[in-house]
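User: I have not seen this one before. Can you walk me through it?

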Amino acid sequence: MDMKRKAWIVMIIFITLAIAVVMGFIGLYTPDPIGKKGVVKEIILHFDIIIIGCCFAIIFFLFTPKKVIKSLPGILILILAAVAGLFGIGTIFEGIMALNSNPITIENGNYELEYRSSYRGLGTGEYYMVVVNEYSITHIRIDKNNYDYLSSNTPNVTISYYPYINIAAEITYEPDDPQQTEEIH
């Protein structure tokens, strides 16, 4: 391949990579929504990871001598890239399956709250409601507003969530007084 052609490919890859990195940082610092917006955000972020991985793989193939690609480190890099790509594609398909399925509803389940700081302190972190059923423990991702409300109050909660990806679809609070019902989307 001549140098002019390689230069055009590298320029297109760097523009694509720059757009993907900007999208990734925007997604990283955007608070997690619940519902379909949360599932779509998860799909977009994993699609973004796949785009970044493909850009690096193309650059690796363009500028690495064939002898290095056929050696053990080159083969290990290819295997690692393939596994990461399959993981990202699997998560995208889980998100699509979640959007196509009906949300699962849990009424008055025992729950605990959990906060995970993601990416070693970068980003906004993730908030979870750990729901304990008779046969399973489910970590359901919720937004900060619901987390703050549930950490200061302990109402009975009915939660519906998207399976496969475990993002809350709707949370309904049922206070002790049956005439009052709050709903936050």
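**Helices, strands and a few residues**

Analyst: The chain has five helices and seven strands. Helices (H or I, at least four residues) and strands (E, at least two) are DSSP runs, numbered from the N terminus. This is a predicted model, where local features need pLDDT of at least 70 and side-chain atom pairs count only at pLDDT 80 or more, while totals for chains, interfaces and linings use all residues. Residues are numbered from 1 along each chain as its sequence is written, and side-chain values use heavy atoms, with hydrogens and water left out.

User: In what order do the elements run from the N terminus?

Analyst: The order is α-α-α-α-β-β-β-β-α-β-β-β.

User: What share of the residues counts as buried?

Analyst: Of the 185 residues, 35% are buried. Buried means under 20% relative accessible area, exposed over 50%, and partly exposed in between (1.4 Å probe, protein chains only).

User: And the accessible surface, what does that come to?

Analyst: About 11900 Å², with 64% of that belonging to carbon and sulfur atoms. The areas come from the Shrake-Rupley method with a 1.4 Å probe, and for residues only the protein chains shown count as cover.

User: What about contacts between residues at least 6 apart in sequence?

Analyst: Of those, 56% join residues at least 24 apart. Contact means heavy atoms within 4.5 Å.

User: On to the helices. How do H1 and H2 cross?

Analyst: The axes of helix H1 (residues 3–28) and H2 cross at roughly 150° and come within 9 Å. H1 is therefore roughly antiparallel to H2. Axes are lines fitted to C-alpha atoms, for helices over the stretch in contact, and angles run from 0 to 180 degrees between N-to-C directions. Angles under 35 degrees count as roughly parallel, over 145 as roughly antiparallel, 65 to 115 as roughly perpendicular and the rest as oblique.

User: Is the crossing of H1 and H2 left-handed or right-handed?

Analyst: H1 and H2 make a left-handed crossing. A crossing is left-handed if the near helix is turned anticlockwise from the far one by less than a right angle, and right-handed if clockwise.

User: Which residues make the contact?

Analyst: On H1 they include Ile9, Ile13, Thr16, Leu17 and Ala20, and on H2 they include Leu45, Asp48, Ile51, Cys55 and Phe56. The residues of this contact of H1 with H2 divide into 18 nonpolar, three polar and three charged. Ala, Val, Leu, Ile, Met, Phe, Trp, Tyr, Cys and Pro count as nonpolar, Asp, Glu, Lys and Arg as charged, and the others, Gly among them, as polar.

User: Tell me about threonine 16. What is it in contact with, leaving aside neighbours within four places in sequence?

Analyst: Threonine 16 is in contact with Ile51 and Cys55. Its place is in helix H1, and at 31% relative accessibility threonine 16 is partly exposed. The C-alpha atoms of threonine 16 and isoleucine 51 are separated by 8.0 Å, with the two residues 35 apart along the chain.

User: How do H2 and H4 pack?

Analyst: Helix H2 (residues 36–63) and helix H4 (residues 72–100) pack at about 160°, with their axes 9 Å apart. H2 is therefore roughly antiparallel to H4. The residues of their contact divide into 15 nonpolar, six polar and one charged. The crossing of H2 and H4 is left-handed.

User: Glutamate 42, buried or exposed?

Analyst: Buried, at 14% relative accessibility. Glutamate 42 is in helix H2. Apart from neighbours within four places in sequence, glutamate 42 is in contact with Arg141, Ile165 and Ile167.

User: Now the strands. Where is threonine 138?

Analyst: Threonine 138 is in strand E4 (residues 137–142). It is buried, with a relative accessible area of 9%. Not counting residues up to four places away in sequence, threonine 138 touches Met129, Val130, Val131, Tyr161 and Asn166.

User: Asparagine 166 comes up there. Where is asparagine 166?

Analyst: Asparagine 166 is in the loop between E5 and E6. At 24% relative accessibility, asparagine 166 is partly exposed. Its phi is positive, about 55°, although it is not a glycine.

User: And what is the phi of tyrosine 164?

Analyst: Positive, about 75°, although tyrosine 164 is not a glycine. Tyrosine 164 lies in the loop between E5 and strand E6 (167–174), and counts as partly exposed at 48% relative accessibility.
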